[in-house]
Amino acid sequence: MVREQAATIAAAIVLIMLVGISLSLFIPLLAIAMENQGVSSTISGLNTAFAGLGTLLVVPFVPRLAARFGLQPIIRGAILASALLSLAFYLLPFWAWFPLRFLFGALIGTLFVLSEYWINAAAPPDRRGVIMGVYATMLAIGFVLGPLILKATGASGIWPYLAGVAMYLLALVPLTFAGSGLPGITEEKNDGVISYMTAVPVATFAGLVFGAIETGAFALFPVYGIRNGMPDTSAALLISVVVAGNIVSQIPIGWLSDHTDRRNLLLICGVIGVAGAIAMPFTMDVPAAFYTVLFIWGGFTGGLYTVGLAHLGARFTGHDLANANAAFIMLYSVGLIVGPPFVGAGMDTLGPHGFAWALAAMLAAYSVLVAWRIVRQPAAVTVRTYD
């Protein structure tokens, strides 16, 4: 990889890591702020869902906008607008938070679609997997740092909001250093984003399943632990074990994806995810075994995101890749919306361990899809190019 190519990929990864820090700071911050204002859980959840709605409705138009105006202006505008919105949450009353959440989701979706396109398009084909692994690792680290910053600033006053704004403004630095190294998008086709969801379902539905698992598991893991007799402090650590597995595993999984059929690796991630979820109830009484299961489970389920994105990069280029990334983020957003209710319903219907059975069911459904696609089309598909 030439130095310029490495520099532009590094700039994109640092940029989206800083966005991830701010995002993971604001999600709990806004939840705490609504709780302190006496907002009901139902209204709080509805407000959060508006971000997903914003992503779903706006992301399909992002590739076309980037093709017309260029990646750098759109990314810069989305970063600046996100910084202003972050401050607006502090300055405006709660009733204004619904349109703010909608816009916030639209802007975050835009940043993820274009940054992931940027990384995927700039990555050399023989190292795309490991580069996406580095991206996923740095993003996971960013998601860990956000809550730590919130703990340092506290959840009251203007300081946590200013910390989030600062992360967005810092993200402008790597964008500026990237200069002319950003890949372009030439719009020569009018295929809708929706068509890309079914063109490569093995990759795009990996985003949906990971989104559902990530939000469902992260929202309810502490509840799962508490309902099975764990102390509050131990239950809170379960998410940390899963995140640690994710951080450690993504680069090796990405490297492996560069040396094998990525569909086979996605199937392995899905099957190990099923096995890990099934093992949770049977290992919970043995802490060492339980934490080991969670660590491995977190690594391989996180691989769905990493390998799914790499698979898209191997299949598409140019405007097609941007559209495919948009489809991936849209399905990921659907997962964010449906995951917690599905996992919660599993716990309500099947008892505390319904948490694990719900996770296993989602991963099993995805594994069946991947296996069916492999049987239906054994040979790997070559890259489709239009520009």
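**Close-up views of a predicted model**

Phe316 is buried, because its relative accessible area is 1%, where buried means under 20% relative accessible area, exposed over 50% and partly exposed in between (1.4 Å probe, protein chains only). This is a predicted model, in which local features need pLDDT of at least 70 and side-chain atom pairs count only at pLDDT 80 or more, whereas totals for chains, interfaces and linings use all residues. Residues are numbered from 1 along each chain as its sequence is written, and side-chain values use heavy atoms, with hydrogens and water left out.

**View 1. Arg315 lies over the face of Phe316.** The distance from Arg315 to the ring centre of Phe316 is 5.3 Å; a charge sits over a ring if NZ of Lys or CZ of Arg is within 6 Å of the ring centre and within 35 degrees of the ring normal. Phe316 is placed in the loop between H12 and H13, helices and strands being DSSP runs numbered from the N terminus (H or I, at least four residues, for helices; E, at least two, for strands). Between Phe316 and Val200, the C-alpha to C-alpha distance is 10.0 Å, although they are 116 residues apart in sequence.

**View 2. Tyr305 and Phe328 form an edge-to-face aromatic pair.** Their ring centres are 5.1 Å apart, with 75° between the planes; rings of Phe, Tyr and Trp (its six-membered ring) pair if their centres lie within 6.5 Å, and planes under 30 degrees apart count as stacked, over 60 as edge-to-face and the rest as tilted. Because Tyr305 lies in helix H12 (residues 287–315) and Phe328 in helix H13, the pair ties together parts that are 23 residues apart in sequence. Tyr305 is buried, with a relative accessible area of 6%, and Phe328 counts as buried at 0%.

**View 3. Phe89 and Phe104 form an edge-to-face pair, and the structure holds 19 aromatic pairs.** For Phe89 and Phe104, the centre-to-centre distance is 5.8 Å and the angle between the planes is 90°. Phe89 lies in helix H4 (residues 71–91) and Phe104 in helix H5 (residues 97–122), so this pair ties together parts that are 15 residues apart in sequence. Phe89 is buried at 1% relative accessible area, and Phe104 counts as buried at 5%. Ring pairs link Phe89 and Phe104 into a cluster with Phe26, Phe50, Tyr90, Phe94, Trp97, Phe98 and Tyr161.

**View 4. Asp320, in helix H13 (residues 318–350), is joined to Tyr196 by a side-chain polar contact.** The contact spans 2.3 Å; a polar contact is a pair of N or O atoms within 3.5 Å, and within protein one must be able to donate a hydrogen and the other to accept it, while residues adjacent in sequence count only if both atoms are side-chain atoms. Asp320 counts as buried because its relative accessibility is 1%.

**View 5. A search of the whole structure finds two salt bridges.** A salt bridge is a side-chain nitrogen of Lys or Arg within 4 Å of a carboxyl oxygen of Asp or Glu. One joins the side chains of Arg262 and Asp258 at 2.8 Å, N to O; Arg262 is buried, with a relative accessible area of 10%, and Asp258 counts as buried at 18%. The side chains of Arg263 and Asp261 meet in a salt bridge at 2.9 Å, N to O, and both Arg263 and Asp261 are buried.
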